[in-house]
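Welcome! Take a look at it first, then try each task before reading on.

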Amino acid sequence: MKKKPYILNLSVIAALAVIYLHMNRVFWTYSPEPWWISANLIECLSYFAVPVFFMISGVTLMEYRTRYGTREFFRHRLRKTVIPFICWSLLVVLYLLATGEIQNPTLPEIITNLINTRYNDYFWFFIPLFSVYLSIPILTAIPEENRESVFGYGIAAAFLINSLLPFAAQLCSIEWNFALTIQTVSSYMLFVLIGWWLNRHPLTRKQRIWIYILGLAGFCVHFFGTWIFSRQLGTVDSYFKGYFTPFSVLYSAAVFTAFRYMKPAKAQWLATRLSWFAPATFGVYMIHWFVLRLIFGLNLFNEQSLTFRFIGPMVVFAGCCLIVRGMQKIPVVRKLVPR
């Protein structure tokens, strides 16, 4: 299936944002110095990446029944994500064995650490993604004529119970009972449904403006709240962190909406320039752990440098894309980095 221009653009920009997050690790060491403030800015600006990836899945996967059956759906997911996840996870194990970072692990220990993504913490993303895959056939069984109202209700209820009320409880020092979580659209399915709804439901200019205002407000609360609380504590405060906070949900939805409603000519212009990178985005996610291990291990760069944290991710992203595009030309190897 050919991607819509705005989906292609979002895929590339979100993949680049992931690199920005992972190369900005100095954010987690608080300092009153300007370099930490810039690190906080990069962290907050890039925070949309994971939610938007799940929103993209809502656009590309929720209509799979119009193209093929459920068996074929799972066959595609197995080939495109599950098998590469297993293979790359095992390659990480071999790497850690070769470097002596793990020694004589038992098979149950290896499996436990792979399932819990402890060897490569960048791979945590795949576990909720697989859960989403298992949920999609259930939701897509809802008749087409009922989906907009049902999914709209699911988004509203899940945002209220999974985002707003837990944060309000935290604000009031109340222990939230997560047994109240709506299981049907719990976890990252919230973003999948938001992506589907924003793609299918036309928004008026006024509605879009409100989304942008709320998204900007979410970003500002995330940025300034983290800055002020961290300065008071003398250490990085995670009070405003979490992809399910209202601030993250609103900001990510605003980013998605901005690309969704970009003028067609502008979206196509951007898609034309990003089209070379698009087939490599999944592969970039798979290999950038190895690339960043090499870069950080060299100890040649000042990680507090704005040049390293602003220009560096673009260089690493382009380099990873070049590696992946090369791998995709090799018959067997290309199965590890599917387009």
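This is a predicted model: local features need pLDDT of at least 70, side-chain atom pairs count only at pLDDT 80 or more; totals for chains, interfaces and linings use all residues.

**Exercise 1. The largest cavity**

Step 1: Find the lining. Phe85, Ser89, Val92, Leu114, Thr117, Tyr119, Asn120 and Phe123 surround the largest cavity.

Step 2: Sort these residues by class. Tyr counts as nonpolar here.

Step 3: The largest cavity has a volume of about 40 Å³, and helix 4 gives the largest share of its lining, with three residues.

**Exercise 2. The second largest cavity**

Find out which helices each supply at least two residues of the lining of the second largest cavity.

*Solution.* Step 1: See how many cavities there are.

Step 1: List the lining. Cys44, Tyr47, Gly218, Phe219, His222, Phe247, Ser248 and Tyr251 are the residues around the second largest cavity.

Step 2: Helix 9 (205-233) and helix 10 (246-260) each supply at least two of the lining residues.

Step 3: Check the classes. This lining has five nonpolar, three polar and no charged residues.

**Exercise 3. The largest pocket**

Which helix gives the largest share of the lining of the largest pocket?

*Solution.* Step 1: Start with the space itself. The largest pocket contains about 1,100 Å³.

Step 1: Look at the residues around it. The lining is made of 38 residues, and nearest the centre of the pocket lie Lys3, Ser11, Thr60, Lys80 and Arg339.

Step 2: Go through the helices. At least two lining residues each come from helix 1 (5-23), helix 3, helix 4 (70-98), helix 6 (126-139), helix 11 (264-274) and helix 12 (281-298). Helix 1 gives the largest share, six residues.

Step 3: Finish with the classes, which are 21 nonpolar, 10 polar and seven charged residues.

**Exercise 4. The second largest pocket**

Describe the second largest pocket by its volume and its lining.

*Solution.* Step 1: The volume of the second largest pocket is about 570 Å³.

Step 1: This pocket is lined by 22 residues, with Leu21, His22, Trp28, Asp121 and Tyr122 closest to its centre.

Step 2: Helix 1, helix 3 and helix 12 give two or more residues each to the lining. Helix 12 gives the most, with five residues.

Step 3: By class, the lining has 15 nonpolar, two polar and five charged residues.

**Exercise 5. A pair of packed helices**

*Solution.* Step 1: Read the geometry. Helix 3 (residues 49-60) packs against helix 8 (residues 189-200) at an angle of about 55 degrees, and the axes lie 6 Å apart.

Step 1: Note the hand. Helix 3 and helix 8 form a right-handed crossing.

Step 2: Name the partners. Helix 3 makes the contact with Pro51, Phe54, Met55, Gly58 and Val59, while helix 8 uses Phe191, Val192, Ile194, Gly195, Trp196 and Asn199.

Step 3: Sort the contact residues, which comprise eight nonpolar, three polar and no charged.

Conventions. Residues are numbered from 1 along each chain as its sequence is written. Side-chain values use heavy atoms; hydrogens and water are left out. Axes are lines fitted to C-alpha atoms, for helices over the stretch in contact, and angles run from 0 to 180 degrees between N-to-C directions. Helices (H or I, at least four residues) and strands (E, at least two) are DSSP runs, numbered from the N terminus. A crossing is left-handed if the near helix is turned anticlockwise from the far one by less than a right angle, and right-handed if clockwise. Contact means heavy atoms within 4.5 Å. On a 1 Å grid over the protein atoms alone, a cavity is a set of points where a 1.4 Å probe fits but cannot get out, and a pocket is an open set with protein on both sides within 12 Å along at least five of seven lines; lining residues have an atom within 4 Å of a point. Grid points are joined across faces, edges and corners, and a volume is the space filled by probe spheres set on the points.
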